[in-house]
Amino acid sequence: AEGYDFQTIQDRWLPVWDELKPFEVTDEVSDRPKKYVLDMFPYPSGDLHMGHAEAFCFGDVLARYWRGQGYDVLHPIGWDSFGLPAENAAIKRGVDPRDWTYSNIDQQKASFRLYAPSFDWSRVLHTSDPEYYKWNQWIFLKMYEKGLAYRKASWVNWDPVDQTVLANEQVLADGTSERSGAIVVKKKLTQWYFRITDYADRLLDDLDQLEGRWPAKVLNMQRNWIGRSRGAEVEFQIEGRDESVPVFTTRPDTLHGATFMVVAPDSDLAAELVEDASDEVREAFQSYLAQAQKQTEIERQSSEREKTGVFLNRFAINPVNGERIQVWAADYVLADYGHGAIMAVPAHDQRDLDFALKFDLPVQVVVDVRDEDGAALENPAVSGVATSGAGVMINSGELDGLGKTEAIAKAIEVLEARGTGRKTTTYRLRDWLISRQRYWGTPIPILHNENGDMRPVDEASLPVELPSSEGLDLKPKGSSPLGAATEWSTVTDEATGETWKRDPDTMDTFVDSSWYYLRFMASNDPTQPFDPAAAKKWGPIDQYVGGVEHAILHLLYSRFITKVMNDLGYVDFDEPFMDMLNQGMVLLDGAKMSKSKGNLVEFASELSAHGADALRVTLAFAGPPEDDIDWADVSVQGSAKFLARAWRIADDIEHSGANAAADFATGDQGLRCATHHLLADAPSLIESYKFNVVVARLMEQVNVTRKAIDSGCGVGDPAVRESAEAVSLILSLFAPYAAEDMWAKLGHEPTVALQTWPTADPALLVENEVTLVVQVDKKVRDRLTLPASVTEAEAEAAALASAAVQAAIGDREIVKVVVRVPKIVSIVTKP
Ligand code: ANZ
């Protein structure tokens, strides 16, 4: 007989599966339960890599598992194919971004076909197809109608190399661009935003529903990113200015200790406050502003950094005590948080204290904070340490004597009564900047005229297709290349003859990926973004699988757009991802793989050397899926050997001519028990992502089965066939080719992937129990069924607890208990 050969098996089953298309599913309502399993879709930057191999292996294990449990499973695939890397690569190679993108997609598709995830290939989408991005534009128009899409001028992170706007998290802690490595600068631009801040409370509160279903780390990152902060806004009058200035504070109780005010140098307020200042002040301010704009937000907020600032030669009035306090500009105050201005309370806030000590500003203690022994803490002005904890209010008029919580409530009450402040909530979350000055993205469907009016493109004329890149200079230069596509840009209104210009910007690709999971429910439908009835059947996603690098933005934006869709009545759920698995990374010798480091393990070469099955088994067996995998520590050969052993059992059965119709119940009991334990345990192990344990159990089952064949019941025993079938079913999650081949050798039609798993027979799960005999004065009084692993103490306790034994003992005294586990407990009484 021929041995196990992955290549032969792959060649045998690929064309069969191509023909069968086993994973295409319909949107029709069925009486079976459903699961929607989705892996974060790939970016086509080249061929698939080991990271894809891992993530798609785990997603596929889960998708295949639910089919085995009798569910209708939607497991689609698409490509996140717009974006900067394609554009930069295209510029470098002098080709159209389309050609580069779609040839990479073709390569990834071919690799996926071999790797064999159980995708429904009939639903493929690419976000760079006009049929897809038409619906980005449709979503934009819906948002615009609802006031959720708007334009404003603001300071943005600017990458001077890529010449584009960056999101905050694309700026690294050292102030450089994640993309180009350039030092990021601030630039004031008019940009499009989505009003995600309107949804801040819902985005935060609804995370509670996902507790225990998403990794705790991801929930925390989402919560911190939204950053809800409860407090008050307090109005300060500024001398020589009519309107008062609001500041946000979490500690309105400390208002009597506010000894100066600080405004963000890059705020509109700062610019206004220096308008009429002396040349000297204005110049000092301008040079300070220029310096501040070079700092990242992280640097500006760092407590390590020496405080800097300029006095604006203006004064504010503390609303509670009428004191005249100086107004400074300093970069530790951010322009776009709260109101971009603060009341500084140096005694109780470390940042303010550092600043006060550096510039010799007054420090006023208003909270008496004590240490554990009840001793007063040293004055912050002396110690240099702000006392930020709770204590009793002093030097604070009507607040004196109150504790922190009561003082905050009282302070708010007083402010509200006087009309100089109110209770409020502030968020760290900012609106979502969605416009980009680049070519390879979705055109924004807005028209502008000479007067500066805007109007949305008619829904009926969507999509606004990207013009050909021919003749356009795609090199970044600060304005969108589309502005130069004159013919494309110019739109004449047929009714009025008026000329309009298309908005030249394109959308952030996070817009594309914020709703792609919905498009799978009508991928080929030109008339609607998705079919609401199909969304009702499949939505929301039951299982999402992907990298933790998307823990914040992608998930937040998807959650936001889902809530908008819910509000607009298009979907009946308002969270998109019910359960989430974040896979670890694939490393080599402890390091992240990269081309530049020369330590890249190529997916394509691993795939051709070992085959899809061995790779998948190796990835699943390497450890818990959340952990990193070091490719230097795994043995693909070991996986291949295991597969050969498993396959050999089915092969031996096939060649033995053993009766396929044999009744399993007549099979070897020992082997049957092992098989049914495996069937009983596998589901909860898979559902708790313990894929490595399941592979280990399969290895054990293959060994037990081989032992039974060699030294026990022989290959013809029905229990051997039963075991081989169970192995084939469960193995199909990890090694679809080998499992399919085994299934065929056992006399079944393809495909094993669509078989529902048998349930374990409870009668075969109890072999681990024993009968313990209890004697009282040498007479058998009871027989107890106990686990075989019962300890002496447990056996004695169980014996003494038996009603029959207690009746036999009566009120006589027990003089001796002899325990021989697991067989007998013998009780001797005093007659
Ligand atoms: C007075 C005060 C006294 C403050 C005190 C704290 C302690 P979170 O919790 O992050 O919301 N703040 C307000 N707006 C700011 C801005 N644009 N840039 C930098 N800091 C700003 O922090 C809220 C606190 O951060 C506010 O409460 C304010 O300082 C400061 F003993 O006001 B606090």
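Close-up 1. A polar side-chain atom of serine 229 is placed 2.5 Å from an oxygen atom of the ligand, and an N or O atom in the side chain of arginine 351 is 3.4 Å from an oxygen atom of the ligand. Of the 650 Å² of accessible area that the ligand has on its own, the protein covers 84% (Shrake-Rupley method, 1.4 Å probe).

**Close-up 2. The shell around the ligand.** The ligand is surrounded by 16 residues, and the closest are Ser229, Thr249, Leu334, Tyr337 and His348 (a residue is near a molecule if one of its heavy atoms lies within 4 Å of it). At least two residues of this shell come from each of β9 (245–249) and β13 (341–344), strands being DSSP runs of E with at least two residues, numbered from the N terminus.

**Close-up 3. Cysteine 673 and cysteine 713.** The count of disulfides comes to zero, a disulfide being a pair of cysteine sulfur atoms within 2.5 Å. The sulfur of cysteine 673 has its closest cysteine sulfur in cysteine 713, 13 Å away, which is too far for a bond. Cysteine 673 is buried, with a relative accessible area of 7%, whereas cysteine 713 counts as partly exposed at 25% (buried is under 20%, exposed over 50%, partly exposed in between; 1.4 Å probe, protein chains only).

**Notes.** In this predicted model, local features need pLDDT of at least 70 and side-chain atom pairs count only at pLDDT 80 or more, while totals for chains, interfaces and linings use all residues. Residues are numbered from 1 along each chain as its sequence is written, and side-chain values use heavy atoms, with hydrogens and water left out.

Conventions
Polar contact = N/O pair within 3.5 Å; in protein donor to acceptor, adjacent residues only side chain to side chain. Helix = DSSP H or I, 4+ residues; strand = E, 2+ residues; numbered from the N terminus.
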